Amino acid sequence: MTATTAPASSPAVPRAARRAKRRSTALGLLAWAAGLAFCLPALWMFLTSLHAESDAATNPPSLFAPLTLDGYRAFFGADTGVTPWPPLLNSLGASFFSTLLVLLLALPAAYALSIRRVRKWTDVLFFFLSTKMLPVVAGLLPIYLFAKNTGMLDNIWLLVLLYTSMNLPIAVWMLQSFLADVPVSVIEAAQVDGARLPTVLARVVAPMAAPGIAATALICFIFSWNELLFARVLTGVVAQTAPVFLTGFVTSQGLFLAQLCAASVVVSLPVLAAGYAAQDKLVQGLSLGAVK
Amino acid sequence: MTTAVGTTPVSTPQPPAPAPRKGGGKAWATRAPLLPALVFLIVVTQLPFVATLVISLFDWNSLNPDKRSFNGLGNYASVFTDAALRDSVVTTVLLTAGVVIATVVLGLALALLLDRTFFGRGMVRTLLITPFLLVPVSAALLWKHALYNPEYGLFNGALSWIGDLFGDTSPSQPDWIADMPLLAVIAALVWQWTPFMMLILLAGLQSRPAEVIEAARLDGASAWQTFRYLTLPHLRRYLELGVLLGAVYIVQNFDAVFTLTAGGLGTANLPYTIYQTFYQAHEYGLASAAGVVVVIGTIIIATFALRVVSSLFSEEANRA
């Protein structure tokens, strides 16, 4: 795109090249400005989380107020004794175990849809995808009634099962496209040596597709960690997850903005870390594997 | 119901299956790894929906459990005549259309800016995807309290600053959420979802055949001509994919509406209204009928989405 490769034979060309270069620099600056503008609310949240409550809620804003960790201390219950650890650990547990279960179910399924393919494998793939299009809210009531009657309400294992079903289609699609890149000859060689499917998956397929599997896991983790509707309806005091805790956190009285920003930063940190780590594969996961 | 959606768009030429039937046992051995996932998914996602269909035919309020009775399509008549539910249909359409259109336009502009080499490109991309990587509840709380708040939010703070700069002692200080509730929800969602559109469209831009663009440039095509006649047609299916996936995700949005306005001020979309109908009003039959209506609406969008995915998918398969 840049004009630096244009041959500089006539005097007119360098001028055009200079103009193209200036234009390119301007567009680069514009991209930087857009990036910063988009990130600004998030940066503002981070800055506010480091301010004292009295500096956080001023108009006009106090940009250069002294920094403090009081907001974080307050969020972790320094004054009230209400600790956010149980909801954070619930979220961690629900996200971790559902991601694990998703991988255990999706890896063999992806194998049957990409390496040793079942007949009509594209139909099966699209069936997986179509369940993702079914609005969550449509199945919420029967799941609630089921949980109520079986005593599963307020239990993170119910969330583990639901998050698994929520992420399974995404994982099958992503893993299917990653496993398709594993050379069949390697797998056949392992099978000739008499290895059974679980061994082949664990010893041959998984190591070769490791980056793809990791990206899939991170994306499933993000979606589980973010989920609010199921968690809000199906959990109470014991199994409350971090997003539910956040929504209830707001009702506090008086100045709470720094504390709230600190809370939002803490709850978002795992997602930010996972998201930056999986950055390159993020589109593939979000577009359900349609875009590579 | 969803099975029907799943099977319609698949008219892709099927590559010969590598494992042809060599007797039933062999076929089942091939299918076995697939079954746990398939069975799990059917049990957890399809069965509840069947139950919703059944419940939607009953007049059932859990506060009054003895009066449960078969109601035929009565709940569906209520869905379409109930003013609150009808309003939430309109809200859902406005919210979804507003967010999708704005994110596609912004996402395309950003993708075009990023589809060039410049200093710090990776860093700018990281900055741009940050909004998408905040927990949706966190993002909604950030907008509600740190940005929109009429007394100390950043928006009104910035207005004070600018007013100060021009010697205006009483700059306007709108109450953003109260004055423009739906726009406030849309703006917060646009901020979170633009990175999603940008990433899809950027992937589309980067899959353009470089030789064709180079040839057009050598033939003297202007930047606009290249964009209009080469880039845009190539992007068409990525745009479709972005629009449809965006629509499927935004139609279902609950977090932003719940956190920003708690469904007040005319911002209650269908998912929120259904949540309220069943969780607070305990109208199980009515909530289920509304749920079925959302599913039918989503299936209409989803059928198109699946068709687009399927055409991109077969293209990938052919290229491979």
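Helix α7 of chain A is largely enclosed by the rest of the structure, because 23 of its 24 residues are buried (a residue is buried if 20 or more other C-beta atoms lie within 10 Å of its own, exposed if 12 or fewer, and partly exposed in between, with C-beta atoms placed from the backbone). Helices (H or I, at least four residues) are DSSP runs, numbered from the N terminus. The model is predicted; local features need pLDDT of at least 70 and side-chain atom pairs count only at pLDDT 80 or more, whereas totals for chains, interfaces and linings use all residues. Residues are numbered from 1 along each chain as its sequence is written, and chains are lettered from A and ligands numbered from 1 in the order in which they are written.

Within α7(A), a kink of about 40 degrees lies at Asn167(A), shortly before the proline Pro169(A); the bend at a residue is the angle between axes fitted to the seven residues ending there and the seven starting there. The axis of α7(A) (residues 156-179) comes within 6 Å of that of α4(A) (residues 85-114), and the two cross at roughly 40 degrees. Axes are lines fitted to C-alpha atoms, for helices over the stretch in contact, and angles run from 0 to 180 degrees between N-to-C directions. α4(A) is therefore oblique to α7(A) (angles under 35 degrees count as roughly parallel, over 145 as roughly antiparallel, 65 to 115 as roughly perpendicular and the rest as oblique). The crossing of α4(A) with α7(A) is right-handed, that is, the near helix is turned clockwise from the far one by less than a right angle, anticlockwise being left-handed. The contact of these two helices has 21 nonpolar, seven polar and no charged residues; Ala, Val, Leu, Ile, Met, Phe, Trp, Tyr, Cys and Pro count as nonpolar, Asp, Glu, Lys and Arg as charged, and the others, Gly among them, as polar.

In the loop between α6 (136-150) and α7 of chain A lies Asp154(A). Its phi is near 60 degrees, a positive value in a residue other than glycine. Asp154(A) has 15 other C-beta atoms within 10 Å and so is partly exposed. In chain B, Leu265(B) also has a positive phi, of about 55 degrees, although not a glycine. Leu265(B) is found in the loop between α13 (255-260) and α14 (270-279). Most residues other than glycine have a negative phi.

Between the chains, 93 residues of chain B are in contact with 85 residues of chain A (C-beta atoms, placed from the backbone, within 7 Å). Helix α15(B) (residues 284-319) gives the largest share of the side of chain B that touches chain A, 16 residues. This side divides into 64 nonpolar, 23 polar and six charged residues.

Within chain B, the axes of α5(B) (residues 83-114) and α12(B) come within 9 Å and cross at roughly 145 degrees, in a right-handed crossing. The residues that meet include Thr92(B) and Leu95(B) in α5(B), and Leu239(B) and Gly242(B) in α12(B).

Arg237(B) is in α12(B) (residues 223-251) and, with 17 C-beta neighbours inside 10 Å, counts as partly exposed. Leaving aside its neighbours within four places in sequence, Arg237(B) is in contact with Val308(B), Ser311(B) and Leu312(B). Arg237(B) and Val308(B) are 71 residues apart in sequence, with 6.9 Å between their C-alpha atoms.

Methods
Two residues are in contact if their C-beta atoms, placed from the backbone, lie within 7 Å.
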